[in-house]
Structures are given as C-alpha cells and as structure tokens.
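I opened my notebook to jot down what I looked up in this one. Here are my entries, in the order I made them.

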Amino acid sequence: MIQRIDRLAIELPTPNNPSPNDAAAVQQLLGGKFGEMSTLMNYTYQSFNFRGRNRLRPFYDLLCSIGGEEYGHIEVVSYTTNLLLTGQTKRGMDPTVTPLANGTDARNTYHFIDSGQASLPIDSMGQFWSGANVFSSGNLKLDLLHNFFLECGARANKMRVYEMVDDPTAREMVGYLLVRGGVHVVAYAKALEVLTGVQVGKLLPIPDLDNTKFPEAKKYMDQKLHLKLFTFSQDDYRKAGIIWDGTHPETGEPLEFVPGMPEGAPAPDLDEEPQLNAPGAMDYDPDLFRDIAKKMGVNL
Ligand code: MN3
C-alpha cells in the first residue's frame with residue numbers, strides 16, 4: 001500500500017516568465033521515455049513482480065524505497081508544468097473574445113483542450129506515456145542494469161531541458177531532480193556492485209557533466225541531498241541500507257541512509273482559469289456545505 005502526504009518534495013518559486021512552450025519542454029521529464037512516469041512505473045512493477053524477496057531483501061527494499069520517491073517526482077514535474085501554464089490565456093467568462101487564442105500557437109494544444117492548462121502524462125511532443133516503457137524482466141541483474149541506464153538517460157534529458165528553459169521554476173525542479181536522480185544512479189550502481197562485484201561506479205558521471213555545474217543542483221548538494229537515501233516508509237525497507245553504504249563514488253563523502261522521507265514543502269495553490277471553466281463549480285457554497293455536513297454529524 002502507499003500513504004500519500006499533502007506536501008511537495010521542494011518549494012517551487014513562481015515563474016518569472018511562464019510560457020506554454022517551456023511547459024511543453026518540461027513535459028519530457030514527466031511523460032518521456034526517460035521521464036518520471038517511467039522511473040516510477042519501472043521500479044513499482046519490478047517491486048510487485050520481485051521473486052525470491054526474502055533471500056534478496058536488500059534489493060527489494062531498494063526498489064521500493066526509490067519507487068516511493070518517484071511518486072513525489074512526477075508530482076513536482078507536474079506542478080512545474082502547471083505553474084508555467086498558469087495565466088497563459090485571457091482570463092474571463094466571455095467565450096466570444098477567443099480567450100484561448102494563445103493556445104493555437106503553443107506547441108502543445110492538449111494543455112488547452114484536454115486539460116485545464118495543466119500537465120498530462122505526455123512527452124514534450126504530446127505523445128502519451130505508455131506502459132511499453134516499463135521493463136520488468138524478472139531477472140534482477142538485468143532489471144538493475146536497465147534501471148542504471150534509465151537513470152543515466154533521465155539525467156541526460158534533465159540537463160538538456162535545463163539548457164532549453166531558463167525559467168527559475170523549471171530550473172529549481174531540474175536542479176533538485178538532478179541531485180535526487182544522481183542518488184538513484186549511484187544506488188543502482190552500488191546494487192550491481194554488491195550483486196556482481198563489477199565496479200559500475202567507475203563509469204560515473206554519465207553524461208560527463210558534474211551536478212555542481214548547475215547552481216540549483218549545487219544548492220541541494222550543499223544540503224547533502226546527494227548523499228541521502230530515504231526509504232519513503234515509516235518502518236519498512238530498512239535493508240536498503242545494506243546497499244546504500246560506504247562512500248559516494250564521485251565525491252568520496254560518506255553515504256547516509258535515512259529511514260522515512262524528507263520534510264517537503266506546501267504545494268502551490270493553482271489559480272483558477274475561468275475561461276477554461278477550471279475548476280468551474282461556481283454554484284458551490286462552502287457555508288451551505290458546512291450546514292449540510294453539520295446535520296450529518298460531520299465536523300468540517
Ligand atoms: Mn526521479
């Protein structure tokens with residue numbers, strides 16, 4: 001089972017220059033082949049499908065811990081997209097003024113037609129994320145090797161989106177995910193080392209560009225977030241700490257195993273977009289609702 005917490009992984013700044021085309025580029029980090037939908041669903045399915053869990057418990061616990069974290073990653077990429085799309089059409093309730101005219105020039109029209117100026121599980125070209133991106137062979141070495149490759153590919157995509165988009169909201173998100181994705185690269189390298197003795201960490205970094213070159217990532221490294229593996233569970237998955245042990249292959253600093261999850265920050269409250277009727281529900285009266293709830297014996 002999974003427990004949801006109404007917090008976002010990090011505090012996202014308000015965009016300086018929101019733009020539908022930047023939002024479209026950011027979608028690659030959500031619904032692209034190497035996006036957060038893929039990391040989330042790969043580790044989740046590999047954990048559901050794990051055979052021989054008791055004998056190989058540390059590897060199972062590692063997949064579950066990282067899979068749990070990826071849920072928060074799809075969330076933070078989605079909020080970034082949503083903030084970049086907020087206020088990008090003409091606000092109001094008069095459809096005759098063509099309030100959504102801007103949408104026709106945006107590279108992604110799903111953001112204006114299929115959603116209320118918000119994220120969808122699509123890539124930067126508007127292709128919907130597919131379960132075909134899930135690799136779950138059942139062979140532990142093969143799955144871990146795939147995950148190492150997936151995280152390196154995800155890292156390359158994040159760097160390129162950073163190089164395309166200079167908005168501070170997008171860069172804050174990319175900086176954070178470069179650091180946390182970096183932890184997952186190292187975790188899968190370590191898992192392969194424990195399992196086979198092969199020094200996978202010697203391949204790092206892929207691509208050959210240090211996270212410290214990105215000021216937003218450097219900030220999170222200064223907070224030591226590149227050294228911490230969280231379990232994303234109160235009591236479970238503690239044996240992942242057997243793998244997450246020793247030193248960081250790039251910096252040489254000692255790794256830190258942290259049961260539980262980071263504190264996080266409040267998620268931004270997204271402004272209404274009346275021209276899209278998002279959220280609509282203009283006849284909703286909270287006082288009336290509270291009265292009805294009271295009569296039903298529910299305290300709101
Ligand atoms: Mn991730």
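I started with burial: 42% of the 300 residues of the protein count as buried (20 or more other C-beta atoms within 10 Å of a residue's own, with C-beta atoms placed from the backbone). I noted that this is a predicted model, where local features need pLDDT of at least 70, side-chain atom pairs count only at pLDDT 80 or more, and totals for chains, interfaces and linings use all residues. Residues are numbered from 1 along each chain as its sequence is written.

Next I looked up the secondary structure and got 10 helices and 2 strands. Those are DSSP runs, numbered from the N terminus: H or I of at least four residues for helices, E of at least two for strands. Along the sequence I read α-α-α-α-α-α-α-α-β-α-β-α.

Then I checked the dimensions. The C-alpha trace spans about 65 × 50 × 35 Å along its principal axes.

Last, I picked a helix pair. How are H3 and H4 packed? I found that H3 (residues 36–48) and H4 (residues 57–85) pack at an angle of about 150°, with their axes 8 Å apart. The axes are lines fitted to C-alpha atoms over the stretch in contact, and angles run from 0 to 180 degrees between N-to-C directions. H3 and H4 are therefore roughly antiparallel (angle over 145 degrees). Among the residues making the contact (C-beta atoms, placed from the backbone, within 7 Å) are Leu40 and Tyr43 of H3 and Leu63 and Ile74 of H4.

Conventions. Angles under 35 degrees count as roughly parallel, over 145 as roughly antiparallel, 65 to 115 as roughly perpendicular and the rest as oblique. Two residues are in contact if their C-beta atoms, placed from the backbone, lie within 7 Å. A residue is buried if 20 or more other C-beta atoms lie within 10 Å of its own, exposed if 12 or fewer, and partly exposed in between; C-beta atoms are placed from the backbone.
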